[in-house]
Structures are given as C-alpha cells and as structure tokens.
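Reader: Could you walk me through this structure, starting with its charged pairs?

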Amino acid sequence: MNLKFKNKKITGICVILPENRETFEENIKNYNFTESQSLKLKNIMGYGVHRIADLSCCVSDLSKYGMEYLIKRGIIKRQEIDALILITQSPDYFMPPTSNVIQGLLNLKEDMICLDINQGCAGYIVGLINSFMLLEQEEINKVLLINADILSHKLSRKDRNSYPLIGDAVSITILENENAYNSEIFANIKMDGTKSDALMIPAGGFRLKSSPETAVLEEDSSGNFRAKDHLVMKGDIIFNFVQTKIPPLIDSLLTFARLKKEEIDYYMFHQPNKFMLQKLADKMNISYEKMPNNVVENFGNASSVSIPTAIAFNLGQKLLNNAYKICLSGFGVGLTWASMVLNIGNLSICKIIEYKGEKK
Amino acid sequence: MLLLKSLKKLSELRIKIINILSEIRPEYDFSEDLNFIEEGMLDSLDIVTLVAGLDEKFSISIDGSDINPENFTKIDSIVNLLRKKGV
C-alpha cells in the first residue's frame with residue numbers, strides 16, 4: 001500500500017536510554033556455547049554493549065523523563081500537544097493504555113488523543129504514518145510519537161539468539177504541520193500475518209496465560225534455554241524475509257517518489273544486527289556509510305526505537321542546521337515491513353540522553 | 001586430465017567447507033552424508049557464521065536472499081551455492 005503526505009515534518013527527535021550497560025563478554029558464560037564460538041558470532045553480528053533497564057523501570061518512566069526533559073528546555077509545551085501516540089510491545093499494563101498513563105503523569109490537557117499501538121520493528125514508520133494522518137485534522141497541530149520498548153524483561157539470559165542483540169530504549173519524535181514546508185512524504189507498508197509466529201512471546205496474553213509452567217526454561221535444538229514467557233525468534237525465517245522483501249519494497253517506494261537511489265542521502269533502517277544490514281546494503285548496492293549498522297553494537301536493538309536511535313547517533317548535531325533526504329525502513333514482528341522517504345533537518349533537538357532513574 | 005583436475009578442485013573445495021563447518025560446530029562430523037539442518041547440526045546463527053566464513057575464505061559476498069536453510073543442508077548444496085558465486 002502506497003501512502004503520501006504533504007506539508008508535514010519531523011521537528012525533533014530525542015532518544016532516552018536506561019543508564020545500565022551490559023557487554024556481550026560478561027554474558028558469554030550464560031550461553032551453552034564455547035567462548036570462541038560466541039566471540040566469532042560477536043564480530044559477525046556486531047554484538048557489543050546493550051542498554052538494559054532495571055526490572056522496576058517501565059516504558060512510562062523513561063517516557064516521562066524524556067518528556068520532562070523536552071518541556072524543561074522549552075522544546076515542547078504541554079498545551080501544544082494535541083496527540084500522543086505510543087508504539088510499544090511492552091506496555092505498563094494490559095489496561096489502561098500506557099499513553100493515557102503518560103498523559104496523566106505529565107498533566108497534559110484533556111482535549112487530546114492518546115493512542116497505544118502494538119507494533120515492533122516497523123513501528124517507527126507505522127507511528128509516523130499514524131501521526132501524519134492525525135495531522136490532517138484541523139485541530140491537530142502537534143503530535144508526539146513515542147516509540148518505546150523494554151523487551152529485555154521478556155528475554156532469557158540463556159538465549160544467545162536474542163539476549164545479546166536486544167536493548168531497551170524510548171524515543172520521542174515531534175511532528176508538526178508546516179505550511180511553508182512544501183515537500184511531499186512518500187511511504188509504503190505491507191503485512192503478512194500468516195508468519196506472525198516468526199517473532200513472538202507465546203505466553204502472557206489471553207491465549208496462553210502466564211503460569212508456573214510457562215516460566216520453565218526449556219532447551220531448544222541449538223542449545224538455547226528459554227521459557228514460553230520469553231521472546232522467541234525464528235531467525236532463519238526473519239533473515240530470509242528481510243533479504244527478499246526489503247529491496248523490492250525500497251525500489252517500489254523510490255519509483256513512487258520518483259527518486260533515484262543515489263538521490264537519497266541516508267538509508268536509516270531498523271537495526272536487527274550488523275550482518276543482516278551489511279547483506280542488505282550489499283544486495284541494494286548502497287554503501288555502509290549511507291546505511292549505518294552500528295546501533296546493535298553500541299546500544300542494542302530496541303525494536304521500533306532503533307531507527308530514531310540510528311538517526312540521532314549517526315547524524316545528531318548535523319540535523320540541527322542541515323536537512324537531508326532520508327529513506328527509512330522498518331521490518332519485523334507481524335510480519336510487517338514498511339518504508340518512507342522524507343526530508344529531515346533543521347530540528348529543534350536530535351540527541352540521545354540517559355535516564356538515571358527517579359530521584360527518591 | 002581435465003576431469004581429474006576438476007575432481008581434485010571439487011574435493012579441495014569440499015575439504016575447505018568441512019573445515020569451516022567443523023570450526024563452527026566441532027562436536028559434529030560434517031563429512032557424513034547427513035542433512036545438517038534436519039539433524040540439528042546447524043541453526044540459524046551457525047548459518048550466519050558459516051556464510052561469513054565462506055565470504056571471507058573465498059572473497060565473495062553470498063547474496064542475502066540465498067541465506068536460507070535449504071542451501072545449507074549438505075556439503076553438495078553449499079558447493080552449489082559457491083558455484084553460483086563463481087568459486
């Protein structure tokens with residue numbers, strides 16, 4: 001499905017990371033593999049340092065901290081926020097929506113829309129699409145898009161397939177109408193629910209409720225241990241899905257936008273791991289400089305937060321005074337895959353900050 | 001003579017592949033005629049490690065869309081994959 005928007009733009013990006021860092025090396029002992037096997041994989045996949053939130057820390061904590069940071073610095077004002085969209089797979093509660101919780105914590109106005117959307121690796125694009133659709137309304141002039149996941153709490157430390165690559169993070173993206181900014185935004189999105197079990201947390205919802213049985217660690221055929229309460233990924237299916245679906249998705253987007261590949265300044269893609277992104281860049285004939293793959297090694301893959309993290313980490317300050325044509329793409333859970341091309345620049349903020357916990 | 005040369009090259013190629021596989025999973029004997037995937041000898045991360053090893057050893061870049069289990073079931077299927085890349 002192709003989508004097009006006009007006179008809308010991103011005006012700020014702020015990424016909030018939990019303070020706690022873990023290195024791949026300190027967790028090697030947890031995996032049922034030799035040290036040399038694990039170290040070889042580290043170099044290929046780009047495992048390094050990832051951010052892990054304390055068990056008491058929830059999505060609303062990091063979101064509140066980030067929002068207050070922006071409000072204190074005058075980058076956003078409470079009264080201006082007409083909509084708050086939260087993209088997460090790790091809400092504080094099943095009910096109420098965590099976006100409402102955040103609205104309450106920050107004393108935002110009643111005359112606004114709060115919306116939780118359950119999306120993962122494609123969630124940044126899904127969030128932008130929904131934000132732009134809301135901005136079509138006359139009474140909505142500013143939308144805050146919060147992408148947030150604390151999935152480390154749903155991982156087995158004895159699962160080498162997922163634990164080393166996942167990180168926790170939140171991002172806040174400010175979106176506004178801008179009449180003078182007459183550029184077009186192009187997007188496309190696809191879904192395939194027949195493969196919804198390729199990336200999932202089997203227990204904890206209403207289909208299979210968490211119980212002492214679902215918490216029992218079981219060994220898989222590769223020597224990883226995980227419970228049904230933990231995230232499980234069919235790595236081969238996901239890998240093949242990305243390599244076969246994303247190149248034509250981007251070709252189709254660029255045709256729709258009447259752009260050539262070389263007219264794009266940066267390809268800021270979801271960051272599953274270094275190897276997958278390098279293979280994607282090779283296949284699409286895009287340089288690694290234009291398609292960064294360094295988020296997993298520095299912070300971990302925080303699902304829908306990985307794209308804004310890649311933007312803030314690799315472009316950061318440059319986006320305060322310059323503008324670039326950037327192609328975004330997210331792909332994963334659902335399965336969902338989506339891309340967008342837009343101008344990003346002259347932002348009020350584009351940085352990564354650290355959450356050090358609430359002062360007691 | 002040409003046939004002998006070609007057989008020798010194939011045999012050397014198979015040995016190189018077995019060596020890379022044995023480094024990844026030293027606990028298995030990859031010279032046996034088994035289906036590596038069905039037997040649980042290789043998982044998705046092993047395949048990633050194998051592809052990186054093959055890319056490095058033969059100075060090639062195996063296409064991302066070729067990285068699926070069916071291309072890594074036996075030594076012969078890996079040889080066919082390398083042949084596609086001109087090895």
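Author: Let us begin with A:Glu184, which counts as partly exposed because its relative accessibility is 27% (buried means under 20% relative accessible area, exposed over 50%, partly exposed in between, with a 1.4 Å probe and protein chains only). This is a predicted model, in which local features need pLDDT of at least 70, side-chain atom pairs count only at pLDDT 80 or more, and totals for chains, interfaces and linings use all residues. Residues are numbered from 1 along each chain as its sequence is written, chains are lettered from A and ligands numbered from 1 in the order in which they are written, and side-chain values use heavy atoms, with hydrogens and water left out.

Reader: Which residue forms a salt bridge with A:Glu184?

Author: A salt bridge here is a side-chain nitrogen of Lys or Arg within 4 Å of a carboxyl oxygen of Asp or Glu. For A:Glu184, the closest N and O atoms are 3.4 Å apart, and the partner is A:Lys4.

Reader: And how many residues apart are A:Glu184 and A:Lys4?

Author: Helices (H or I, at least four residues) and strands (E, at least two) are DSSP runs, numbered from the N terminus. A:Glu184 sits in strand β9 and A:Lys4 in strand β1 of chain A, so the pair links distant parts of the chain. Their separation is 180 residues.

Reader: Is A:Lys42 buried or exposed?

Author: A:Lys42 forms a salt bridge with A:Glu25, at 2.9 Å between the closest N and O atoms. A:Lys42 lies in helix α2 and A:Glu25 in helix α1 of chain A, so the pair ties together parts that are 17 residues apart in sequence. With a relative accessible area of 18%, A:Lys42 is buried.

Reader: Where is the partner of A:Lys142, A:Glu80, found?

Author: These two form a salt bridge, A:Glu80 with A:Lys142, with the closest N and O atoms 2.7 Å apart. A:Lys142 is in strand β7 of chain A, whereas A:Glu80 is in the loop between α3 and β5.
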